[in-house]
Amino acid sequence: MKKKFYGALLLGSVLLAGGMVSCSDYDDDINSLNDRVTAVEQTVKELQEKINAGAVITDVQTTEDGVKVTLSDGNSFTLQNGKDGAAGSVVTIGDNGNWFIDGVDTGKPSRGEKGEQGEPGEPGQPGGDGTTAPSKYYIPNEDGYWYVVNVAADGTESAPEKTDVKWAPEGMMTAVWDTENEALLVYGVKDHNGVLKINLGTALKGLVFTPSLYLDGVEGTRYPYISGNYKSANGTAEGESSTGASYKIPAKNTWEDIIASVYNIGANDTVVYHMNPASAQVKGADFRFLYNNPEMITTRGGEGVVVNYNNYSEKTANGDLKVGYQITNPELLEGAGIGDPRTPGNDKISVMALEVELGNDTTITSDYAAIVPAVRTLKAIAFKEKKTTMADQYDLYNTGKLAVENEGNVAVQYNDGSVNLSELLNIHYTQADWGPASDYADHEVMSYERAKQFGLHFEYEMLEYTTGTNNTEEHKYGKVDKLTGEFTPCYVNDKGESVACPNDPTSTTGISAVGREPVVIVKLVNENGDVVLAGYIKIDIVKEISTKEITVKDFIKPYVCDGFVCGIKWDDMSGKIIEELGMTKDDFVKTYFLKEDETYIKENNKFVLVQNNKFGVMTLGEEWPNVSTVNEIIKWNANFDQMDAVYNETGHTVTLYACFQSRVDKDNNLVYIGLTTTVLDKPEVTFGEKIKEYWYPGDQAEVAKRDTVRMNVPRPTSAGITKRDVFEYAKDLDDNFKGNKVVMTPTSAEQNAAYDLAKLGTNYHYQFAAEQPKIGQYQLSRHATDPTKLVMGGAIIAQIAPDGTLVYTHDKFAEEILNMYDHNTPLCYANVEIVATYDDCELALGKDAFKVRFLRPVDILPGDNAKFVDAQANGSSVVLGDLFKLQDWRDKMLIAKSGNTYQSAVENGCNLYNYYWFENIKIDIENAQCNLTGAWENVKDVTNKLQLYVEGYAVNTSVNLPMNDVDILNTTKITYKNNEGNVQKFNLRIPVEIKYSWGTLKGTIEATVDSTIAND
C-alpha cells in the first residue's frame, strides 16, 4: 500500500446533500436527500463535472451540520450529517507533522522521524555514511483504523500494518483524499453500495481507445472515404418539353466520368478516448497520430498513408476526449479496395494511436486501434422529400433532357421571394467495408453538413436552354447564387434583360414569369471546384403557392347495409369559400378542378392520400360546373365496407377531404374541402319476453336473470310406445318466449332514434356459443364453420334447425354424454346464443346467451330389498327387481311391485316401462366389489371363496340378459354363497349396464349381506 495521503475528512454518519451552489447562496436551504441513492449519485455527478471542467478543491471547513468543500471556481458542496445535523470533522496534518482532528493533536506522526547524524569515520579513512534511526508514521486508512508504516535505518518502508486503534469512530462515514491518485474516495455512504470516487487530478496519465467496432476481437474504428471519378459536362439535347413546347439544350446536358481523374477523399472524422483521470485537462497539449504499428502491419505503397490531426479536440460531458482526424491516401489503408484482411492472403490491418504531448515534457500514448476502411460511392444528389419521377422518386434528374421533359421539382411563387435550394437537398450513396458496395446495395443518405466534412460543397448554375419557335430563353427567368443555392424568380423586361421579381405578394410585377420552367444545375465539388456529382432541378414558377382547408359540414349516418351518401350544396360552403379564398362561385369553378378518384385525411397536421379510398369517394355534382346554389356540388359516397371503415375509426368519425387543384399552379395551389361523417352505433334492443316458468333457476325472482331452459324426451304416451316417440329428443327454442318467438324491442339508447327497425326489418337465429363446457372427459365445442352444430371432436352432439328447433343426436358420443349424469345434476348442458340482425344484409344487432340443459331420460336408483343373508341353505338369492329401481326424468318410477311381482308402472293407462324401450342388461359380477377388508376392493382380489352368480350361469361370471320384457326382473335370480365360515355384516357392489332407447345407463347395485345366521 504505497498510497500517500494529503489529508482525510472525518464525517459523522453523513449523506451527500444538496447540489452545486455558489458561495454567495451556500446558506440557502438545501433539501435533504432523504436517503435516496439517486440523489447521492447526482450530487457526486455534479461535483465531478465541475472538477472535469477544471475546478479543484481549495478548502474544507467544518460547518454546524457537516463539512463544506469549496472549489476553485467559487462553487461549493456539503457533506451533511444526515442523522442529527451535528458538525462534521476535518482531519489535517499539523505543523509538527502529526495528524490533527479538528485541531487536536492525535500524537500520530504523518511522516517518518528525522534520522540522527552519522558517526564520524576513523582518522585517515574516509568517513562512512551516517545511519538513520528507525522510525514510523501513521496513515488513517479507509477502513477507519490507523495503519503504521515502519521506516528502517536505511530508509526502506514496510508495508502499512493495521493497528487496533480507530481514527474514525463507529458509524462515521470517511472521505479520504488520496493525493497519490488524485481522488476523493467517500466510504460508508448510507444506502450506497461501494465507494463514491471523485477524480480530482488534472494531469493526464493515460488514454484508452473507445472502440466503435471489433475486428475478430481487435478494437477498431470505421473510417469512411469517398471514391470515384471526377465528372465533366457534355452533350446537347432537344425534343418536346413537359408543356408540349419544343426545346433545345446547347450544352451541359449530362455529366460523365473523367476516366483518368480518380478521387479518394477521406472524411474529417472523430475518435473517442477515455482519459485517466476523467478530470484531466489537455488544453494547450499537442496532438498527433501514430500510424502503422510495425509489430502488427506493414503498408502497401510505401509511406503514402498519413493520419492527420485536424485541430479539433473536445472534452465530452463524461470526461472522454473526442479528437478529430483525417487520413491522407485512405485508399492505401490495408484491405482498402482489396477485401477483408481476415481472409486468406489478406492478413494485415492498419492501426493508429493518439499521442498527446503535455507541457511538462510528458507524452501520453493511447493503445493502438484497427482502422477499417469503408468505401463510400456517391450515387445521386437527392431531395429530402419525394420530388421527382426518377426511380426512387428522390434523386435529382441526372440529365438536362429528363429535367425539361418531366414535371418540375420545386415550385416558386413569382412574387414571394427566393428559395434556398441547399435546404432541400442531401446526397445518396452506398457504402461497404474494405471495398465498394454492390450496385444493388440500398442507398444511404448523407446530409449536406456531413458532405462538408469530406471537403465537399454544392455549387449552382442555370442550365441554358430555349423553348418554342420564339426560342424563349428559359434560364433568364431565374437567378441562382453559385454557393448558397438561393434561387430568385425573374422576368424578362422589354430590353431582354433578366430582372428579379419583387418580393411582394401584393405586386403583379413579373407575372409574365408564371408558367416558365428554368432548370438549375447542382454540382457537388471539392475545394478546387472539381465535380464529383451533379444533377438538375426543374423550377416551376407559379402564380400562387397555397394550401387551404375548408371543413364545411358535419353529418351523422346510421350503420346500414347501403352505406351512406352525403353531400353539400353551394349554399353550404359559399360563405366559407368567399371568406377563405375571396372568390365567387364562378371564380372557384374556373380556377380549380377536382382531383378525381382521390380522397385525403389529415395525419400529424398533413394531408395524406387515402389508399384505395377506404372511406369512400368524393365526386362532383351532376350539374358541375353549371351548378346552382341549391344543387349538390360535392358528394361523399360510401358503400358498406367504406362505411364500416369509418365506423372503426376513433369515435366512429372521419373527416374526408376532396382536393381541388389550380388549373394554373397545379399541385402548388390546392384547396381541401372536408366533410365530417360520424357513423352511429348500431341499434340496441332487448330480446323477447321470457315465459317465466319455462326458465330456471326457479328461485331467481328476476326473470331476466333466469338463464337456463331444460330439454327432455317427449312425455310418455300409449301411442308413443309403438311410434317410438322417445327416440326423438328435440325442442323448439322459440317456445320459451311469449308468443313463441323472439321479439326485439328497441331500448332508450340515443342512437335508436336514427333507425326505423320496422322499415329496415329485423331477424334472428339461434347458434351455439363459442365457449362450451367440458362434460366428464368430453370437451364440447362449436363447429368451426357451422355455428348451428355442437360437436365433440368430429361427432355431432346436437344441431339447431333454421326454424329454431334444437335436436339432440343419436351419435355414440352424444349418448355417452347424455347418460353421464342423472337428470337432477345440472352438468349436462350447452351454451346457446340468440343472434339478432337487421337490414337486408343481416347486420349484427346483438346477442343474448342462455343455457340449454339436457335431461337424462332414465336414472338407476337403489332397490328397497337388496339384501343377502350369509349361511342360508343353498345360498341366499334375490330376484333382479329387488336390486334396483328405474326412474324417468319426471321422477316417475318405471317399475311397480305388486305383491312379490315386479311389473311395469302404469300412468293414466300408459305402460311406462315399455315406453323407454329397454333392450338388455349386463350384470357385471366379475367386477363386483366388497368391503370385507374395510375398504372397497374387487371380490376376486379379496377371496376366491365368496360366490356370486346369476341362477343358471357360471359362478362369478358377468351375464348379459334381455330386458325388453319387465318379467326379467322376476325370473332372474342372483345368488350369494360364502366360505362356509362365519362372517359379519358387509356390503356388495355389482356394476350393471342397461341398454335402452338413448344408449347405455351405467350404475352400481349396492346390496347388504347380513352376518352369518345366529352369529351376530
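**Side-chain contacts: cysteines, rings and charges**

Start with Cys-490: its sulfur is 6.3 Å from the closest cysteine sulfur, in Cys-501, and that is too far for a bond. The cut-off for a disulfide is a pair of cysteine sulfur atoms within 2.5 Å.

Some ground rules. This is a predicted model, so local features need pLDDT of at least 70 and side-chain atom pairs count only at pLDDT 80 or more, while totals for chains, interfaces and linings use all residues. Residues are numbered from 1 along each chain as its sequence is written, and side-chain values use heavy atoms, with hydrogens and water left out.

Back to Cys-490. Buried or exposed? Cys-490 is buried, at 0% relative accessibility. Buried stands for under 20% relative accessible area, exposed for over 50%, and partly exposed for in between (1.4 Å probe, protein chains only). Cys-659 is buried too, at 0%.

How many disulfides does the rule give? The count is 1 disulfide. The partners are Cys-561 and Cys-841, with sulfur atoms 1.9 Å apart. The link is left-handed, with -95° about the S-S bond. What does it tie together? Cys-561 sits in the loop between β40 (546–557) and β41 (564–569), and Cys-841 in the loop between β60 (829–838) and β61 (843–854), so the pair joins parts that are 280 residues apart in sequence. Those strand labels come from DSSP runs, numbered from the N terminus: strands are E, at least two residues, and helices are H or I, at least four. As for accessibility, Cys-561 is buried at 15%, whereas Cys-841 is partly exposed at 40%.

Next, the rings. A pair of aromatic rings is described by the distance of the centres and the angle of the planes. Rings of Phe, Tyr and Trp (its six-membered ring) pair if their centres lie within 6.5 Å; planes under 30 degrees apart are stacked, over 60 edge-to-face, and the rest tilted. The whole structure holds 32 aromatic pairs. One of them is Trp-695 with Phe-850, edge-to-face, 5.4 Å centre to centre and 75° between the planes. Trp-695 is in the loop between β49 (685–687) and β50 (708–711) and Phe-850 is in strand β61, so this pair ties together parts 155 residues apart in sequence. Trp-695 and Phe-850 are buried. The picture extends: ring pairs link Trp-695, Phe-737, Tyr-764, Tyr-766 and Phe-850 into a cluster.

Charges over rings come next. The test is NZ of Lys or CZ of Arg within 6 Å of the ring centre and within 35 degrees of the ring normal. Lys-452 lies over the face of Tyr-448, 4.6 Å from the ring centre. Arg-724 lies over the face of Phe-727, at 4.0 Å.

Last, salt bridges. Here a side-chain nitrogen of Lys or Arg is within 4 Å of a carboxyl oxygen of Asp or Glu. The search finds 30 in the whole structure. Among them is Glu-689 with Lys-738, the closest N and O atoms being 3.8 Å apart. Glu-689 lies in the loop between β49 and β50 and Lys-738 in the loop between β51 (730–732) and β52 (744–746), so parts 49 residues apart in sequence are tied together. Glu-689 is partly exposed at 48%, and Lys-738 is exposed at 52%.

Another joins Arg-890 and Asp-888, at 3.0 Å, N to O. Arg-890 is partly exposed at 23%, whereas Asp-888 is buried at 0%. Elsewhere, salt bridges that share partners join Lys-252, Glu-461 and Lys-523 into one network.
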